[in-house]
Amino acid sequence: MNERITHADFEELLVRQRHEPLFTDDATRLQAHLATCKRCRRFDAALDAGLKSLASQPVAVPAALTAATRLRLRRLSAELAEAATRMRLIVGASLLAGSLGLLTARALWLGVDWLGRQWDVPVGGLALLFVVVWFAPATLGGLAAVVAHSRSAGAWRVPERRQS
Ligand SMILES: [Zn+2]
């Protein structure tokens with residue numbers, strides 16, 4: 001399909017090349033066209049002049065808007081830092097609890113085993129005691145922490161935009 005390329009197509013290329021690189025074919029075709037077409041050269045020059053004029057215009061931003069934006073950014077930054085600290089604490093506490101659990105499991109099992117032999121408790125009872133003493137407190141504590149944390153608003157989320 002060989003479509004006829006119009007001035008409008010070249011004008012579109014002139015606009016596009018100002019914000020993205022053109023394909024080599026398009027760039028070559030455009031340069032060849034600009035060498036022979038006065039109308040498109042004028043459009044190119046007008047585009048340049050218009051963009052320069054726009055870029056030189058001062059943009060007045062109300063001081064209140066600047067201050068409010070800075071305040072919001074500071075608040076958001078503080079909230080993100082707080083969330084990161086909270087997450088580091090949770091990860092650290094989890095690692096510590098896990099490590100201590102693993103380190104103490106053998107000693108606790110030996111203790112439970114000794115008690116079981118003293119009182120002649122069956123193995124099932126010992127296993128239950130071991131689970132209750134070693135596993136249950138950390139698990140229940142963890143669940144309680146998760147419940148308490150999920151009740152505090154937005155604790156697991158990135159802070160949302162505020163309207164104020
Ligand atoms: Zn042209």
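How far apart do the C-alpha centres of domain 1 and domain 2 lie?

Modeller: The C-alpha centres of the two domains lie 71 Å apart, where domain 1 covers 7–56 and domain 2 covers 82–151, with bounds that come from an automatic or database domain assignment. This is a predicted model, in which local features need pLDDT of at least 70 and side-chain atom pairs count only at pLDDT 80 or more, while totals for chains, interfaces and linings use all residues. Residues are numbered from 1 along each chain as its sequence is written.

The protein chain has five helices and zero strands, taking helices as DSSP runs of H or I with at least four residues, and strands as runs of E with at least two, numbered from the N terminus.

Now to the close look at one helix pair. The axes of α4 (residues 63–119) and α5 (residues 123–151) come within 10 Å and cross at roughly 155°, the axes being lines fitted to C-alpha atoms over the stretch in contact, with angles running from 0 to 180 degrees between N-to-C directions. The two helices are therefore roughly antiparallel to each other, a term for angles over 145 degrees. Where they meet, α4 brings residues including Ala-97, Gly-101 and Trp-109, and α5 brings others, among them Leu-126, Phe-130 and Ala-138; contact here means C-beta atoms, placed from the backbone, within 7 Å. Of the residues in this contact, 11 are nonpolar, two polar and one charged, with Ala, Val, Leu, Ile, Met, Phe, Trp, Tyr, Cys and Pro counted as nonpolar, Asp, Glu, Lys and Arg as charged, and the others, Gly among them, as polar.

Conventions. Angles under 35 degrees count as roughly parallel, over 145 as roughly antiparallel, 65 to 115 as roughly perpendicular and the rest as oblique. Two residues are in contact if their C-beta atoms, placed from the backbone, lie within 7 Å.
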